[in-house]
Every structure is written in structure tokens, then in C-alpha cells.
Amino acid sequence: MPDLPAPALVFSFAVAPGLALTIVLRDTKGAAAFVAPASLVTGSAALMGNRPLALWVATAIIAAGAVLIALPMLRRVMRCNVLPQPALR
Amino acid sequence: MALAEVNSPVAVFDPARPAKTFHDSRLPHDALGRLPVLHREAGRNLSRSRFLARSPLACVTLMLAGGLALLWASTSGGGTLRCDFAWAALVLLGVIAMTRNFIRGYARSLRRMPLEEAASDLRALLLYAGYMPVRPGAPAPFW
């Protein structure tokens, strides 16, 4: 862990809990409820922290959060299209 | 008494009774039309109950992430004890609330709260936990 460069460490610490909760919960709204504020707050803090590559780290954190929110939604839409609801009439 | 000795007044087989086939009977189309709605409702309830059942694992994940963050903060020499304690207490408050919600909505057998309400409460608690990442006084923005 100390061998990693600081921006990568910050990024991994910001994204890993959101990724873990997305995998654990498997609920689109629940994962979005955690990931959206976590990525926004962490990205904003990275911007305000005057760290090296702050803009890139913040952008990467927010983009990773957006991907984490969008992927379960995309999977849900694809599953709805593949398995239509049964209709009796 | 043997079963063969039972003298029932009702005829066992009445040939005069009209036989009903599938086409003769009047199908309850209204009731059958509700089956897809019931199917969707059952699917939603199943996904909600699975979501609630995974909340203890989410609590463990949050605590592990918080512990790693505190460990990293202590090794990098940032953050005071008071600040770390307040942040850990806030995270643990969220974990306790999620555990209580799990017990009230899933684990209890009697007087269980509705699944929809429990799931929305869990989402609100996850929103609260999502605002916890940044600790004041931390050396870097992290969980």
C-alpha cells in the first residue's frame, strides 16, 4: 500500500467502498444512494485539497461513481428486455 | 369398522350429473388477469427482501472500509484522536441504524414492518453513510 502513488491510493480508497457495496447490495437505488454522495463528496474534497493531480483524481472518482451507478441500471434494463413479463391475454 | 361398510347416502358416481370440461366452465378472466400483477408484486417483494437480507454484509463492508481508513490515517500521521473518534462514532451510528432496520424489517418474525418501508429506510441510511467519506482533519480525501 505505501508503494502506490498517492493519487491512486486516494482513488482506490474513494471507489473501493462504493464498488464493494454495489456488489454486495445488488440494488440499483441502494447502491446509487451510497455511491452518488460518496463520489461527489470525495471528488470535491480531492479538488479542494491542493494535492498533485487533484483535478484528474476528482474527475476519475466522479466518473467511477457514475459508472458504478449506471452499470446496475443498464443490467436491469437488459434483463427486463430479455425476460418480458408474462401476459395471459 | 372397515371402510367398505360405510353406507354413504351420496352416490359415488352419478351418470346423470353433467360432466364439465375446460371449455364448458366459465373462466374467471378478471382473476386470471390479475396474475401478472401478482407476479410482479411477488418479484418486487423478493428483491426487497433480498436487499434487506444483504444489509448486514453491507454493514461489515462499511466497518471494514472505515477501519482501513482509520488505519491509513494513523500510519500517515493525520487526524486527531477526537476527530477520529467522532467520525468512527458517526459511521457506527449508521451501522447500528442499518442493523436495527434489518431486525425490524427482516429478522423478526412477529410485528415485522412492511418490506417497502424497510427497503426505503435502508436506502435513506445508505444515503447517510454516503456522506461519511471525508473526515475533517484527514490528510487526504478518503473513506
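Visitor: How many residues of chain A are in contact with chain B, and how many of chain B with chain A?
Guide: In this predicted model, 31 residues of chain A are in contact with 26 residues of chain B. On the chain A side, helix 1 (6-25) and helix 2 (28-48) each supply at least two of the residues that touch chain B.

Visitor: Which helix gives the most to that side of chain A?
Guide: Helix 2 of chain A does, with 12 residues. By class, the side of chain A that touches chain B has 22 nonpolar, 4 polar and 5 charged residues.

Visitor: OK, and what does Phe34(A) contact, leaving aside its neighbours within four places in sequence?
Guide: Phe34(A) is in contact with Gly18(A) and Leu21(A) in chain A, and with Leu126(B), Ala129(B) and Gly130(B) in chain B. Phe34(A) is also named, along with Ala31(A), Ile61(A) and Leu122(B), among the residues with the most contacts inside the largest nonpolar core, which has 44 residues.

Visitor: Which helices supply that core?
Guide: At least two residues each come from helix 1, helix 2 and helix 3 (54-82) of chain A, and from helix 2 (35-53), helix 3 (55-76), helix 4 and helix 5 of chain B. The largest share, 8 residues, comes from helix 2 of chain A. As background, nonpolar side chains in soluble globular proteins tend to be buried together.

Visitor: Switching to chain B, at what angle do helix 4 and helix 5 pack?
Guide: Helix 4 (residues 81-107) and helix 5 (residues 115-130) of chain B pack at about 170 degrees, with their axes 10 Å apart. That angle makes helix 4 of chain B roughly antiparallel to helix 5 of chain B.

Visitor: Which residues meet there?
Guide: Among them are Gly94(B), Ala97(B) and Met98(B) from helix 4 of chain B, and Leu115(B), Ala118(B) and Leu122(B) from helix 5 of chain B. The residues of this contact divide into 9 nonpolar, 3 polar and 2 charged.

Visitor: Where in chain B is confidence lowest, and where highest?
Guide: Confidence is lowest in helix 1 (residues 29-33) of chain B, at a mean of 81, and highest in helix 5 of chain B, at 91. The mean pLDDT of chain B is 80, and 73% of its residues reach 70 or more. For the complex, the predictor gives an ipTM of 0.77 and a pTM of 0.74.

Visitor: Last one: where is Arg26(A), and why does it count as partly exposed?
Guide: Arg26(A) is in the loop between helix 1 and helix 2 of chain A. Arg26(A) counts as partly exposed because it has 15 C-beta neighbours inside 10 Å. Its phi is near 55 degrees, a positive value in a residue other than glycine, whereas most residues other than glycine have a negative phi.

Note on methods
Residues numbered from 1 in each chain as written. Chains lettered and ligands numbered in written order. Axes fitted to C-alpha atoms, helices over the stretch in contact; angles between N-to-C directions. Helix = DSSP H or I, 4+ residues; strand = E, 2+ residues; numbered from the N terminus. Parallel < 35°, antiparallel > 145°, perpendicular 65-115°, else oblique. Contact = placed C-beta atoms within 7 Å. Nonpolar A, V, L, I, M, F, W, Y, C, P; charged D, E, K, R; others polar. pLDDT = per-residue confidence, 0-100. Core = buried A, V, L, I, M, F, W, Y, C linked by C-beta atoms within 7 Å. Buried ≥ 20, exposed ≤ 12 C-beta atoms within 10 Å, placed from the backbone.
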